[in-house]
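Reader: Please take one part of this model and go through it closely. I would like the packing around it described residue by residue where that can be done.

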Amino acid sequence: VMSLVVFTAFVGLLLAPGGIHPVIGAISILCIAVGAGASGALNMWYDADIDRVMSRTANRPIPAGRMDPSHALGLGVVLSAFSVLLLGLAANWLAAGLLAFTIFFYAVIYTMWLKRSTPQNIVIGGAAGAFPPMIGWACATGGISVESLLMFSLTFFWTPPHFWALALFMKEDYHNAGVPMLTVTHGRPATRKHIFAYTLVLAPFAVALGLTSIGGPLYLAVALVFIALFILGGWRILRRTEEQAQQDSYAVEKSFFRLSLYYLAAHFAALAVQATIGGWA
């Protein structure tokens, strides 16, 4: 996911009109990557108690005893300040402000508040992972546009089905940690309905992005293929019973989760390739 964050930011910067000096572009991507790392450090500092309980996170540096919590906090704060200040000086202060808000949103609004208080945690919190392409765009243009907002929307509406698919086969982790993930508060059948609904909600944003100045026939072709695969995968999950899922160890759910990683990467890769061969503009 961290790799996707940096990649989507890079594509946002690459697609922005007017271009950017290669050195400033490289510094901008470095700052976004460092900011993402800082967010992760702050998240792991605050969530160390529940990370110890969940098998998926038990080997992270703090619960595994490889790092002192205070060092993680210090690292997160220092890297946050460094990345924001350097981005403001190298690119512009709008991009720096968006990066600062993203770090704050992930570390405070999502990690410290939403994650442990509402089953809609990943829906609202997904905004943190959706800002990077907007930040990349702002680094080059100093502004926000329809294109950057649609890139944000693509990532934002992709996040719930991506993480809820993970929650389907990791439900016990969240239950044991007391995290009110949708699978815990509403059960797996309701989560399956939500996943399918979001695959439908996501589709028009993916198509709309292809009709903007950064879109083109190649992107639309890739988008339509992956939209079809994603909706089909969501439909298969919707139709599954818990007995069927347990019999094959949630094979369909795990397959959908892997597909979701390819889904976002393929869309942004197609945008990058489309930019090199020319789009509608």
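Author: Leu154 touches Leu202, Ala206, Leu209, Tyr219, Tyr263, Leu264, His267 and Phe268, leaving out residues up to four places away in sequence; contact means heavy atoms within 4.5 Å. This is a predicted model, in which local features need pLDDT of at least 70, side-chain atom pairs count only at pLDDT 80 or more, and totals for chains, interfaces and linings use all residues. Residues are numbered from 1 along each chain as its sequence is written, and side-chain values use heavy atoms, with hydrogens and water left out. The mean pLDDT (the predictor's confidence in each residue, from 0 to 100) is 95 for the protein, and 100% of its residues reach 70 or more.

Leu154 is among the four residues, with Ile135, Tyr263 and Leu271, that touch the most other members of the largest nonpolar core, a set of 78 residues. Such a core consists of buried Ala, Val, Leu, Ile, Met, Phe, Trp, Tyr and Cys residues joined through side-chain atoms within 4.5 Å. Its largest share, twelve residues, comes from H9. Helices here are DSSP runs (H or I, at least four residues), numbered from the N terminus.

Buried means under 20% relative accessible area (1.4 Å probe, protein chains only), exposed over 50%, and partly exposed in between. H13 itself (residues 217-239) has 23 residues and reaches 33 Å from its first C-alpha to its last, close to the 33 Å expected at 1.5 Å a residue, the expected span being 1.5 Å times one less than the number of residues.

How values were computed: Helices (H or I, at least four residues) and strands (E, at least two) are DSSP runs, numbered from the N terminus.
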